[in-house]
Amino acid sequence: MISLRELARYCDELLEIARFRDAAVNGVQVEGRAEVRRLATAVSASRQTISEALAWGADALLVHHGLLWGDRLGPITGVLRQRLRLLLADDLSLLAYHLPLDAHPELGNNTLLARSLELEPIEPCGPVAGVPIGFVAESSAPRPLVHLIDQVRELTGREPLVLPGGPAEVRRVTVLSGSGASALPEAAELGCQALLTGEARETTMALARELGVTVIAAGHEATERLGVQALGRHLAERFELETTFLHDPNPV
């Protein structure tokens, strides 16, 4: 058991949230019970994951994508009101960590993605407001592109969208989870043969061909599960919390 305040302070410091200029509110978004014994984690806060956390008996829900974005909350109506009502009615706390959980060198989405695919992160990339959140990662030797795609498919449990552009063998890969397609020019400049991300844009297909970099878009949610799972395990071990991961697959 740990107090919500101590838990949030620990996560804020561990993930160095002060380094980031983020569109999301990082840390406690909704204050609930003062003490946390049971911590649920999920990629995104939605009515589905909030309801599942409540059914499991969680004291707090920790997510990558929270409810509060931008400089102002705006009117509390519609879907936002319904989600907040669920949290407040049952005194369930909500914590969210966005860019800090992408970028962390040990618990972050991008370093964990790379290492799960037998790639070693060697240098940061993909800056947001001057702070890099992705990694260039390398394998020990060139491998067939199709082998990397097979590994991505197995890791995410879904069929990735592959936009060809690079060679049939890859060694150097830019890893930038979620909406990382904008890093394609940087990936080419850094000498990468592939970019692994979550979502592609309409312009990505032609750009991949022209820059000579294959884009593997493996799903926004699917590429951002590992961080909250790892953070949940870390907090469970450190503070003797009961934890669970609420899996809510998203085809996007």
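A salt bridge is here a side-chain nitrogen of Lys or Arg within 4 Å of a carboxyl oxygen of Asp or Glu. In the predicted model examined here, a search of the whole structure under this criterion returns nine salt bridges. Side chains of opposite charge can pair when their charged atoms come close.

Among these pairs, Arg38 and Glu242 form a salt bridge in which the closest N and O atoms lie 3.2 Å apart. Arg38 is classed as partly exposed because its relative accessibility is 23%. Glu242 is likewise partly exposed, with a value of 44%.

A further salt bridge is found within a single helix. The closest N and O atoms of Arg153 and Asp150 are 2.6 Å apart. Both residues lie in helix H6 (residues 145-156), where a spacing of three residues corresponds to about one turn of the helix. The relative accessible area of Arg153 is 28%, so this residue counts as partly exposed. Asp150 also counts as partly exposed, at 39%.

The side chains of Glu16 and Arg19 meet in another salt bridge, with an N to O distance of 3.6 Å. Glu16 has a relative accessible area of 40% and is therefore partly exposed. For Arg19 the corresponding value is 42%, which also places this residue in the partly exposed class.

The cysteines were examined next. The number of disulfides in the model is zero. Cys125 takes part in no disulfide, and the nearest cysteine sulfur, that of Cys192, is 6.9 Å away. The closest cysteine sulfur to that of Cys192 is in turn the one in Cys125, and the separation of 6.9 Å is too far for a bond, because a disulfide requires sulfur atoms within 2.5 Å. Both side chains belong to buried residues: Cys125 has a relative accessibility of 3%, and Cys192 has a relative accessibility of 5%.

Asn109 lies in helix H5, which spans residues 109-116. With a relative accessibility of 0%, Asn109 is buried. When residues up to four places away in sequence are left aside, the contacts of Asn109 are His64, Leu101, Asp102, Ser177, Thr223, Glu224, Arg225, Leu226 and Gly227.

Gln29 is located in strand E2 (residues 27-30). At 10% relative accessibility this residue is buried as well, because the buried class covers values under 20%. The contacts of Gln29, again not counting residues up to four places away in sequence, comprise Gly66, Leu67, Leu68, Leu94, Leu95 and Ala96. For one of these contacts, Leu68, the C-alpha atom is separated from that of Gln29 by 6.9 Å, although the two residues are 39 residues apart along the chain.

Notes: Residues numbered from 1 in each chain as written. Predicted model: local features only at pLDDT ≥ 70, side-chain atom pairs only at ≥ 80, totals over all residues. Heavy atoms only, no water. Helix = DSSP H or I, 4+ residues; strand = E, 2+ residues; numbered from the N terminus. Buried < 20%, exposed > 50% of the residue type's maximum accessible area, 1.4 Å probe, protein only. Contact = heavy atoms within 4.5 Å.
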